[in-house]
Amino acid sequence: MHVRTVAVTTTALLGVALLAPLSHARAAQSDDGPSVVAHRGASGYAPENTLVAVDKAAELGIRWVENDVQRTRDGELVVLHDDSLSRTTNVEEVFPDRSPWKVKDFTAAEIARLDAGSWFGSRYAGARVPTLKQYVDRVEHNHQKLLLELKNPQLYPGIEQQTLKVLANEGWLDRRHVAGRLVVQSFSADSIRTVHELKPAVKTGFLGTPPVSDLPAYAEFTDQINPSHGSLSTGYVSSVHAFTGAHGRQLEVFTWTVDDVDTARRVAGYDVDGIITNKPDVVRDAVGEDPADR
């Protein structure tokens with residue numbers, strides 16, 4: 001990851017952040033609670049990154065879902081977290097001689113044969129690894145919003161442009177979607193910068209906790225800073241909020257992965273904008289939610 005060095009001290013930025021008043025809109029959202037995002041779908045209750053997990057989130061009344069995108073050997077984008085198929089499918093049984101069972105070494109047709117549900121519970125036997133097209137179509141069918149993670153982009157050169165093409169083909173890059181229903185995020189700053197350069201209208205998020213001194217550089221190409229909950233503090237969230245992101249609005253903070261009431265209330269107290277969780281109903285009931293997501 002390469003980020004332009006910004007000549008400004010952490011102490012100075014923290015001072016500005018802590019003194020900067022929240023906008024009326026931010027304060028109103030804080031009063032109503034952060035957005036709640038179903039991590040890999042409602043993955044506490046259904047096999048992660050499957051269509052049934054998306055449907056479970058919808059059943060729970062959760063509008064935001066998060067997913068992970070990777071690429072097959074023959075160039076199909078599929079929704080899966082690990083770069084290996086072994087943890088969440090029966091690939092070792094179906095293809096015992098193909099260790100280490102990397103996504104990039106299998107065709108889309110081969111992956112479509114795999115059971116991606118039985119590992120989670122027998123009632124989910126037969127669930128499949130969805131393609132990105134199938135996934136976004138289901139999210140659209142459920143009238144949900146999408147936080148899409150480009151997973152391991154260093155393994156898949158050009159995945160940014162390919163992902164945007166799928167989104168465009170499925171109608172996800174029109175004004176209605178990019179205005180409030182889509183965020184593309186990654187742990188790779190270079191990948192997120194590429195998305196911003198290719199399609200400036202798309203809202204983006206960086207996964208991680210950059211030093212405060214680097215935030216001005218990130219703000220040039222991203223709209224969210226999305227750290228793990230253990231790395232957060234009130235001061236850090238305030239520092240992020242002190243900056244204007246790539247689309248001229250206050251930088252947001254979506255934190256992950258929060259599954260219990262106490263932690264949800266703690267990070268909500270930091271004034272985060274969103275909470276990513278495997279158990280979205282638990283978090284929603286603990287902290288409320290942004291009224292726009294009801």
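**Entry 1: helices 7 and 9**

I began with helix 7 (residues 159-169) and helix 9 (residues 189-198), whose axes come within 9 Å and cross at roughly 50 degrees. Helix 7 is therefore oblique to helix 9. I took axes as lines fitted to C-alpha atoms, for helices over the stretch in contact, with angles running from 0 to 180 degrees between N-to-C directions. Angles under 35 degrees count as roughly parallel, over 145 as roughly antiparallel, 65 to 115 as roughly perpendicular, and the rest as oblique.

I noted the crossing of helix 7 and helix 9 as right-handed. A crossing is right-handed if the near helix is turned clockwise from the far one by less than a right angle, and left-handed if anticlockwise. Helix 7 contributes Glu-160, Gln-161 and Leu-164 to the contact, and helix 9 contributes Ser-191, Thr-194, Val-195 and Leu-198; contact means heavy atoms within 4.5 Å. By class, I recorded three nonpolar, three polar and one charged residues in this contact. Here Ala, Val, Leu, Ile, Met, Phe, Trp, Tyr, Cys and Pro count as nonpolar, Asp, Glu, Lys and Arg as charged, and the others, Gly among them, as polar.

**Entry 2: basis of the model**

The model is predicted: local features need pLDDT of at least 70, side-chain atom pairs count only at pLDDT 80 or more, and totals for chains, interfaces and linings use all residues. Residues are numbered from 1 along each chain as its sequence is written, and side-chain values use heavy atoms, with hydrogens and water left out.

**Entry 3: the protein as a whole**

I found 13 helices and nine strands in the protein. Helices (H or I, at least four residues) and strands (E, at least two) are DSSP runs, numbered from the N terminus. Of the 294 residues, 54% count as buried, that is, under 20% relative accessible area, with exposed over 50% and partly exposed in between (1.4 Å probe, protein chains only). Among contacts with a separation of 6 or more, 64% join residues 24 or more positions apart.

**Entry 4: Leu-167**

I returned to helix 7 for Leu-167. Leu-167 counts as buried because its relative accessibility is 0%. Its contacts, leaving aside neighbours within four places in sequence, are Val-136, Leu-148, Trp-172, Leu-173, Leu-182 and Val-184. Leu-182 is 15 residues from Leu-167 in sequence, and their C-alpha atoms are 9.8 Å apart.

**Entry 5: helices 3 and 6**

The axes of helix 3 (residues 51-59) and helix 6 (residues 132-141) come within 10 Å and cross at roughly 15 degrees. Helix 3 and helix 6 are therefore roughly parallel to each other. I recorded their crossing as right-handed. The contact comprises Leu-51, Val-54 and Asp-55 of helix 3 with Gln-134, Tyr-135, Arg-138 and Val-139 of helix 6. The classes are four nonpolar, one polar and two charged residues.

I placed Gln-224 in strand 7 (residues 224-226). Gln-224 is buried, at a relative accessible area of 1%. Its side chain makes a polar contact with that of Asn-226 at 3.0 Å. A polar contact is a pair of N or O atoms within 3.5 Å; within protein, one must be able to donate a hydrogen and the other to accept it, and residues adjacent in sequence count only if both atoms are side-chain atoms. Beyond four places in sequence, the residues that Gln-224 touches include Leu-147, Val-183, Lys-203, Phe-206 and Phe-254.

Tyr-218 lies in helix 10 (residues 215-218) and is buried, with a relative accessible area of 2%. I noted 8.6 Å between the C-alpha atoms of Tyr-218 and Ala-246, which are 28 residues apart along the chain.
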